[in-house]
Amino acid sequence: MNRPIYLDHHATTPIEPAVLDAMMPYLTEKFGNAASRTHRYGWEAEEAVHTAREQIAALIGAKPEEIILTSGATESDNLALKGIAWSYRDKGNHIITATTEHKAVLDSCKALEKDGFNVTYVPVDRLGLVDPDDIRQAITPHTILISVMYANSEIGVIGPLAAIGAIAHQHGVWFHSDAVQGVGKIACNVDDLQVDLMSLSGHKLYGPKGIGALYIRKTRPKRIRIHPLIDGGGQERGFRSGTLNVPGIVGFGKACELAQSLWPEESIRLRDLRQHLYAGLQERLDDIYLNGHPDQRLPGNLNLSFAYVQGESLLMSLKDIVALSSGSACSSGSTEPSYVLRAIGMDDTLASASIRFGLGRHTTEEEIDTVIHAVVEKVERLRALAPASDLQVGSQI
Ligand SMILES: *Cc1c(COP(=O)(O)O)cnc(C)c1O
């Protein structure tokens, strides 16, 4: 049987063959520890890590020495938030973030609240955007860090980072961004976006799982202090001890190099494909609503609510044809409506009727046509089974 069409690229992406090829030698004969200084095994591993660090840095306009390699963006988010909090607690105990952040940021904040830090969760508007003025107004003399994501993994909305970064720096506050969904998909330069710390993940840009990075700006104008989460051998300049995952790092570097050359064209192709998908569904189905911003969104993201349909039922009826999700894989397992959709003011009925389409590098127009056909058929069938009076839609939109 054919495997279902993959439209869940926000959850993870397939590894590129060229990435796997680059990794292979470091899983076999070049197995050295990058910290071994006395022989060729160590030297070749160290050199490969150095090259990868340059490739990762180049993609975001950073310097190689500003890249701290981690086990993934969950760790990067934890390191940024807890690392800053613990090293600046003599200066202040207040952090500002937004209600639609990834769980790795929100739950790091919750953990810090238990330890005596205060966190302001700034709300977003109905399109999912944070208002930089709300951030400005939340700043107090005790504020040490602002953390706002670049592109949302559920509704794809792209945040106004440069404006927030400018405000942070006027007030002498560090600015972190979880840019996992944006890096390698849209323009992402740490200077243009005015960020001091940025989280990246390998497996969201066609690299391997279990590898990520935290960009830490070298000076602005002072050096940023980060309290490590993991103590040990002092790798990564003491910010993150542990033997480096050389094959993962090499793959991550290669994936970044590929993304840098591919994203400008790829983003246009994906935006057009997404518009094709949206138009195809709109043409054939009534009562579907777009969640998030119409243009200020990731090219490969389409999040729709299908009124009178249970999202879970729709996903299950489509599962042999197309792999889709109702939202974050990290909150899956719970049947609660998405906290992101709630945060944009959506009622629970419509929120639970939502589907996220995540298009990617290898998605074809033919696949999109198959998906349009299948979704239309299943939505019509489900709607015919459930009379409108049984599934009331609120006044939303
Ligand atoms: C996937 C994701 C993460 C977590 O990254 P891992 O490398 O899987 O730990 C964090 N933030 C966002 C926005 C993500 O999409």
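**Close-up 1. Arg 225 has its charged end over the ring of Tyr 88.** The distance from that charged end to the ring centre is 4.4 Å; sitting "over" a ring takes NZ of Lys or CZ of Arg within 6 Å of the ring centre and within 35 degrees of the ring normal. Arg 361 does this too, with its charged end over the ring of Tyr 206, 4.1 Å from the centre. Keep in mind that this is a predicted model, where local features need pLDDT of at least 70, side-chain atom pairs count only at pLDDT 80 or more, and totals for chains, interfaces and linings use all residues. Residues are numbered from 1 along each chain as its sequence is written, and side-chain values use heavy atoms, leaving out hydrogens and water.

**Close-up 2. A search of the whole structure turns up 3 aromatic pairs.** Rings of Phe, Tyr and Trp (its six-membered ring) pair if their centres lie within 6.5 Å; planes under 30 degrees apart are stacked, over 60 edge-to-face, and the rest tilted. One of the pairs is Phe 31 with Tyr 41: the centres are 5.2 Å apart and the planes at 35°, so this pair is tilted. Phe 31 sits in the loop between helix H1 (17-27) and helix H2 (40-60), and Tyr 41 in helix H2, so the pair ties together parts 10 residues apart in sequence. (Helices are DSSP runs of H or I, at least four residues, and strands are runs of E, at least two, numbered from the N terminus.) Phe 31 is exposed at 55% relative accessible area, while Tyr 41 is partly exposed at 41%; buried means under 20%, exposed over 50%, partly exposed in between (1.4 Å probe, protein chains only).

**Close-up 3. Tyr 88 and Trp 174 have ring centres 6.1 Å apart and planes at 65°, so they pair edge-to-face.** This pair links distant parts of the chain, 86 residues apart: Tyr 88 is in the loop between H3 and S3, and Trp 174 in strand S6.

**Close-up 4. Ser 201 and Lys 204 are among the residues that come nearest to the ligand.** There are 13 residues around the ligand, counted if a heavy atom lies within 4 Å of it. Ser 201 has a polar side-chain atom 2.7 Å from a ligand oxygen, and so does Lys 204, at 2.7 Å. For His 203, a side-chain N or O atom is 2.8 Å from an oxygen atom of the ligand.

Terms used:
A polar contact is a pair of N or O atoms within 3.5 Å; within protein, one must be able to donate a hydrogen and the other to accept it, and residues adjacent in sequence count only if both atoms are side-chain atoms.
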